[in-house]
Amino acid sequence: SASIIKSLRSGIRAIRSSPTRREQYIEFCTNATPKLKPIQLPLDVRTRWDSTYNMLWIAHKQRVAYNKMTMHVNGLSDYFLSDNDWEFIDQLQQFFAPFIAFQKKMSAQKYPTINKAVTSYNTLFNHLESYSRRNSTAHPSIKEAAAHAFEKLKKYYSKATQPVYAISQALDPRCRFTWWSYVGWPEEWIQQQRLNTSIDVDDGDYEPRTIEEDALAAYLEERQRPAVDKLRFWKGCEEAAGGFKDGKPQPLYAMVRRYLAVPASSVPSERCFSRAALFIPTQRNRLEPNALKESVLIDSWVRFKAGYSGEFNDVFEEELKQEKIKNNNDKAADSETVERNLEEQLIEETLEEI
C-alpha cells in the first residue's frame, strides 16, 4: 500500500518536473475526460495528510489520463498503476473524506463550531467502526489503519467531555439534550450532562430569580428545530425578549454569547496571527497595540460580513456606483468650465484685434 502512494507521488513529481510534460498531461486530460476540467496534478506535502487526500482525489478522477501519460511518454512507464492500485487509492480517499469534513467544520470561523464537536466525533467513530465489521471489503491495511485511528481518536474525545461541550450542545436549538438520547446515551450520562450545565449556570452565567423566569428550562423543553440558523434563532429570541437591559444582555443570552463564541480549534486564532503580518510590514513596525487590534478586528468583521451575505457587497457596489456618477458629473462640469473659459478667451482676443 505504501508503494502505491510512493509510485503515484513519484509519477506526479516526474510529470510536473517538465513544462513539456505538463502540457502533454493537459492534452491527455482533455482527450481522456472531456467532461472534466483539465487541471494539473497536485503534489502533496507528506506532513499534511489533507494535501495527500487532495492528491489522491484528483489523481483518481484523472486516472485514465494519468495511465495514458505513463504508457505513451518515455521515462514514465515505471509509474503506471493497475486497476487494483486505483481501487486501493479510491478506498483510501474515501477513508480520508470524513476527516477532511471534520477538519473543515472544526476550523470554520464564520459560525459557531464548539456545539458541533461531540456530534462530529460521533460521526468519525461510526466511520471507523464500519471498517471493523465482517462485511467490510476494505483493504487489510486500511482496516488496520482504522483500528489504530479509533484508539487514537478516543484519547482526543476524552478531552471533549468538559462542561463547555455539553452546554454548547444544549444551546444548539437543533439538538438541545435530545441528541444524546438519539445516539443511545444512557439516561444517567444525559443527566450528568444536565448537571454539568446546571452547575455552570449556577456559577453566575444564568441565575433566574423565580421558576417562571427560568428561560433556560423553558428553552430546553421546547421542541427541536432541525432547520434553523443558530445565530439568527438566538438573535430573534433576544430581540423578542426586549434586547439589552441596563446596557447588558439578559442572563440566558449572555450565556449563549459566551459559549457559542468558543472556537472548537485553534485554527481561527492561527489565521489571525497569519493575517496580522499584513498589518505590521516593515513600513509600519511602530504601530500601537490598540491600533493593530482595531485594524485586525475591522478586517475580520468586513470579511465576515462580505462572506456571510451579499448585502455588504451591494452597499459597496452602490457606493462605488454613486461615486462613479459623481466623478462623471464632476468631469462634465470641469469640461463645461474649460469650454466656457476658452470661449471667453476667444471673445477677448477677438475684441482686442478689433
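The answer below starts with the whole chain and then turns to the core and its surroundings.

Analyst: First, some ground rules. This is a predicted model, in which local features need pLDDT of at least 70 and side-chain atom pairs count only at pLDDT 80 or more, while totals for chains, interfaces and linings use all residues. Residues are numbered from 1 along each chain as its sequence is written, and side-chain values use heavy atoms, with hydrogens and water left out.

Now the whole chain. It has 16 helices and 0 strands. Helices (H or I, at least four residues) and strands (E, at least two) are DSSP runs, numbered from the N terminus. The chain holds 354 residues, and 32% of them count as buried. Buried means under 20% relative accessible area, exposed means over 50%, and partly exposed lies in between (1.4 Å probe, protein chains only). Take the contacts between residues at least 6 apart in sequence: 67% of them join residues at least 24 apart. Contact means heavy atoms within 4.5 Å.

Next, the core itself. In soluble globular proteins, nonpolar side chains tend to be buried together. The largest nonpolar core here has 45 residues. A nonpolar core is a set of buried Ala, Val, Leu, Ile, Met, Phe, Trp, Tyr and Cys residues joined through side-chain atoms within 4.5 Å. The residues with the most contacts inside this core are L8, Y25, L41, L56, Y66 and F95. Which helices each supply at least two residues of this core? They are α1 (2-16), α2 (19-32), α3 (49-61), α4 (63-72), α5 (83-106), α6 (117-129) and α7 (140-157). Helix α5 gives the most, with 10 residues. Apart from this core lies another, of 15 residues, among them L216, Y219, L252 and V256.

Y25 is then in contact with I15, I39, Q40, L41, Q62, A65, Y66 and M69.

Now try I4, in helix α1. I4 counts as buried, because its relative accessibility is 12%. Not counting residues up to four places away in sequence, I4 touches L81, D85, F88 and I89. I4 and F80 are 76 residues apart in sequence, yet their C-alpha atoms are 9.9 Å apart in space.

Charged pairs come next. Side chains of opposite charge can pair when their charged atoms come close. The whole structure has 4 salt bridges. A salt bridge is a side-chain nitrogen of Lys or Arg within 4 Å of a carboxyl oxygen of Asp or Glu. One of them joins the side chains of D44 and R9, at 2.9 Å from N to O. D44 lies in the loop between α2 and α3 and R9 in helix α1, so the pair ties together parts that are 35 residues apart in sequence. D44 is buried at 8% relative accessibility. R9 is buried too, at 12%. Another bridge links D50 with R48, with the closest N and O atoms 3.4 Å apart. D50 is buried at 15%, but R48 is partly exposed at 49%.

Why is α8 largely enclosed by the rest of the structure? Because 6 of its 8 residues are buried. These are Y165, A166, I167, S168, Q169 and A170.

One loop deserves a stop. S107 sits between α5 and α6. S107 is buried, with a relative accessible area of 11%. Its side chain reaches the backbone oxygen of Q103 at 2.7 Å. That is a polar contact (a pair of N or O atoms within 3.5 Å; within protein, one must be able to donate a hydrogen and the other to accept it, and residues adjacent in sequence count only if both atoms are side-chain atoms). Beyond its neighbours within four places in sequence, S107 is in contact with S265, V267, P268 and R271.
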